[in-house]
Amino acid sequence: MQALIENSIILIGQISTGKSTLAKRLSDEFCIPKASFGAYLLHYCELMAIPDHRRKDLQNLGHEMILKNPISFLNNVIEYSVKGKQQVIFEGVRHHAILKGITDLSSKIISIYIDATYEQRLTRYLNRDKSIDNYKTENDFITAANHPVESEVTSLKEKCSIIIQSSNSADEDFNKLKAYIGPMLVAL
């Protein structure tokens with residue numbers, strides 16, 4: 001099979017590690033389009049007139065799509081987000097089947113695991129965009145972090161080419177990522 005994507009940058013990490021923020025900044029800095037599984041799920045909800053966009057509902061929907069056909073889910077995300085692009089940033093990869101699917105579609109990949117402490121993740125979760133969850137508690141975070149859709153994330157860490165230990169600053173995390181990935185992007 002010939003690769004459909006020349007270069008893929010894959011951001012992996014548990015819930016609220018800063019993947020979306022880093023993916024957006026990388027996309028803006030290097031002019032590389034991003035494919036977000038979460039953005040696709042929101043789009044799907046709108047398309048299918050599913051009114052409730054709470055995080056739990058999105059996690060349930062994503063989990064159902066993964067169980068049903070992970071490659072179809074991946075292809076739908078690509079079609080929706082970045083059809084026909086030679087370089088893609090994939091944000092929110094949580095499953096071995098999706099990682100393998102991206103690897104099979106790509107000539108070259110850079111996989112990055114964003115590692116954050118429980119406290120960092122909780123703080124980000126409680127402070128993140130309120131459009132998905134208006135009122136959040138630590139119990140909500142625990143429930144979201146232990147949802148079945150999150151079950152494979154930590155086991156993907158060993159498959160990543162780069163592991164970045166998150167800090168408490170999005171700017172610092174971006175600068176770390178840029179220091180690692182910038183030279184690689186030039187080489188790609």
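**Salt bridges, aromatic pairs and nonpolar cores**

Asp115 is buried, with a relative accessible area of 15%; buried here denotes under 20% relative accessible area, exposed over 50%, and partly exposed the range in between, as computed with a 1.4 Å probe on protein chains only. The structure is a predicted model, in which local features need pLDDT of at least 70 and side-chain atom pairs count only at pLDDT 80 or more, while totals for chains, interfaces and linings use all residues. Residues are numbered from 1 along each chain as its sequence is written, and side-chain values rest on heavy atoms, with hydrogens and water left out.

The structure holds 8 salt bridges, a salt bridge being a side-chain nitrogen of Lys or Arg within 4 Å of a carboxyl oxygen of Asp or Glu. Side chains of opposite charge can pair when their charged atoms come close. Asp115 takes part in one of these bridges, with Lys157, at an N to O distance of 2.6 Å. This pair links distant parts of the chain, 42 residues apart: Asp115 belongs to strand S4 (residues 106-115), and Lys157 to the loop between helix H8 (153-156) and strand S5 (162-165). Helices (H or I, at least four residues) and strands (E, at least two) are DSSP runs, numbered from the N terminus. Lys157 is partly exposed, with a relative accessible area of 28%.

A further salt bridge joins Asp173 and Arg124, whose closest N and O atoms are 3.2 Å apart. Asp173 lies in helix H9 (residues 170-187) and Arg124 in helix H6 (residues 118-127), so the bridge ties together parts 49 residues apart in sequence. Asp173 is buried at a relative accessible area of 4%, whereas Arg124 is partly exposed at 22%. Within helix H1 (residues 19-30), Lys24 and Asp28 lie 4 residues apart, about one turn of the helix, and their side chains meet in a salt bridge of 2.9 Å, N to O. Both ends are partly exposed, Lys24 with a relative accessible area of 45% and Asp28 with 49%.

Strand S4, which holds Asp115, is mostly covered, 7 of its 10 residues being buried. Strand S1 (residues 5-12) pairs with S4 in the parallel sense over 7 bridges, and S4 pairs with S5, also in the parallel sense, over 4 bridges; two strands pair if DSSP finds at least two bridges between them.

A search of the whole structure finds 6 aromatic pairs. Rings of Phe, Tyr and Trp (its six-membered ring) pair if their centres lie within 6.5 Å; planes under 30 degrees apart count as stacked, over 60 as edge-to-face and the rest as tilted. The ring centres of Tyr40 and Phe73 are 6.0 Å apart and the ring planes stand at 55°, so this pair is tilted. Tyr40 lies in helix H2 (residues 37-47) and Phe73 in helix H4 (residues 70-82), so the pair connects parts 33 residues apart in sequence. Both residues are buried, and together with Phe37, Tyr44 and Tyr80 they form one aromatic cluster.

The largest nonpolar core has 28 residues, and those with the most contacts inside it are Ile12, Phe37, Phe73, Leu74, Phe90, Val93 and Ile98. Such a core is a set of buried Ala, Val, Leu, Ile, Met, Phe, Trp, Tyr and Cys residues joined through side-chain atoms within 4.5 Å. Two or more residues come from each of S1, H2, helix H3 (55-68), H4, strand S3 (87-93), helix H5 (96-105) and H8. H4 gives the most, with 5 residues. Leaving aside its neighbours within four places in sequence, Leu74 is in contact (heavy atoms within 4.5 Å) with Phe37, Phe90, Ile98, Gly101, Ile102 and Leu105. A second, separate core of 15 residues includes Leu11, Leu26, Ile32 and Ile164. In H5, Ile98, Leu99, Gly101, Ile102 and Leu105 are buried. These residues cover an arc of only 160° around the axis, which puts them on the same side of H5, the arc being that of the directions from the helix axis to the C-beta atoms.

Most residues other than glycine have a negative phi. Ser16, in the loop between S1 and H1, has a positive phi near 65° and is buried at a relative accessible area of 4%. Cys31, in the loop between H1 and strand S2 (34-36), has a positive phi near 55° but is exposed, with a relative accessible area of 69%.
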